[in-house]
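Please open the structure in the viewer and keep the selection panel at hand. The stops below are to be visited in order.

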Amino acid sequence: MSRIVYVNGDYLPEGEAKVSIFDRGFLMADGVYEVTTVIDGKLIDFDGHFTRLERSLGELDIANPMDREAWLEVHRQLVAQNAVELGMVYLQVTRGAPGDRDFIFPDPETTAPTVVLFTQSNPALVDSPKAKKGIKVVTIDDIRWGRRDIKTVQLLYPSMGKMMAIKQGADDAWMVQDGAVTEGTSNNAYIIKDGRIITRALSNDILHGITRAAVLRFAQEAQMQVEERNFTVDEAKDADEAFVTSASTFVMPVVEIDGTKLGTGAPGPLATRLREIYIDESRKAAL
Ligand code: PMP
């Protein structure tokens, strides 16, 4: 079924949507994105994603082309027009398409940002077979740039990392810098030891996950102990449980790191409980 997508103010069948070959998103990865999950046809944590979008755009000196209400309206229109019950809305804003390729930023008075949104359905989002089994990760060097807090569309290394994992029979990769885990290729990383949830503190080294913020809040409300600090690969292999979080996977248990099984090799009780809490609470607060 052909989707209806949004490009620069228009709702169009996906086959008719066009972006210039001079777009700086295409030529230079000069753009940012967000992924907002849809459950029961409603948006999960829309305000968290809107706030991070504003921050990413601000860090790159790109003017936000729409206010909160306008962004919300486009999200809702696409969810409705494509009848999305379970899935996501992807949005991307680039610095636009000046006439020529040039390293110098174009004048924002004459080159408007490009705005693209589309939906993807995923019926297995909540009742995920992967979440029941848990995923396996391998560790790889984190060779990304130094502003990982900005959600840019430069996703080549994360994409290569995921392929390195798959080639080794794993599901995903955790990236490592100076011996400590930064994050997963498309998620934040956590270990649990003696009932304490340990995850790297926020900095420019990692993306400030919207799911991370929600999960840490729910964990604290449930009287779980949270430690925001670096952890090493050895510490992770010796953990009782581990998991990752992202808008599209919620809380996903990790059961193996570099071939070392954690605990019994099945999803642990705290990660499983956090997944349930996250889904229940997010459903209640969806817009
Ligand atoms: N880290 C990275 C590198 C990511 O790409 C993502 C998902 N886009 C996350 C963390 C998780 O962020 P969120 O919970 O906002 O989806």
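The model on display is a predicted one. To set the colours, select residues 4–121 for domain 1 and 129–285 for domain 2. The C-alpha centres of the two domains are 26 Å apart.

Next, display the residues on either side of this boundary. On the side of domain 1 there are 20 residues in contact with domain 2, and domain 2 contributes 19 residues to the contact. Eight residue pairs are in polar contact between domain 1 and domain 2. Which elements of domain 1 give two or more residues to the side that touches domain 2? Select β3 (31–39), α2 (46–59) and β5 (87–94) to see them. Of these, β3 supplies the largest share, with seven residues. Colouring this side of domain 1 by class will show eight nonpolar, six polar and six charged residues.

Now look for the charged pairs. Three salt bridges cross the interface of domain 1 and domain 2. For a particular example of a salt bridge, select Asp 40 and Arg 283 and show their side chains, which meet with an N to O distance of 2.9 Å. The salt bridge count by this rule comes to 27. Asp 40 sits in the loop between β3 and β4 (42–43), while Arg 283 belongs to helix α8 (residues 269–285), so this pair ties together parts of the chain that are 243 residues apart in sequence.

The last stop is the ligand. Select the ligand together with the 17 residues around it; which of these come nearest? They are Arg 52, Lys 151, Glu 183, Thr 211 and Ala 247.

Three of these residues may be inspected one at a time, with side chains shown:

- Arg 52: an N or O atom of this side chain is 2.8 Å from an oxygen atom of the ligand.
- Lys 151: here an N or O atom of the side chain is 2.3 Å from a nitrogen atom of the ligand.
- Glu 183: a polar atom of this side chain lies 2.6 Å from a nitrogen atom of the ligand.

Terms used: Residues numbered from 1 in each chain as written. Predicted model: local features only at pLDDT ≥ 70, side-chain atom pairs only at ≥ 80, totals over all residues. Heavy atoms only, no water. Domains from an automatic or database assignment. Contact = heavy atoms within 4.5 Å. Salt bridge = Lys/Arg side-chain N within 4 Å of Asp/Glu carboxyl O. Polar contact = N/O pair within 3.5 Å; in protein donor to acceptor, adjacent residues only side chain to side chain. Helix = DSSP H or I, 4+ residues; strand = E, 2+ residues; numbered from the N terminus. Nonpolar A, V, L, I, M, F, W, Y, C, P; charged D, E, K, R; others polar. Near = heavy atom within 4 Å.
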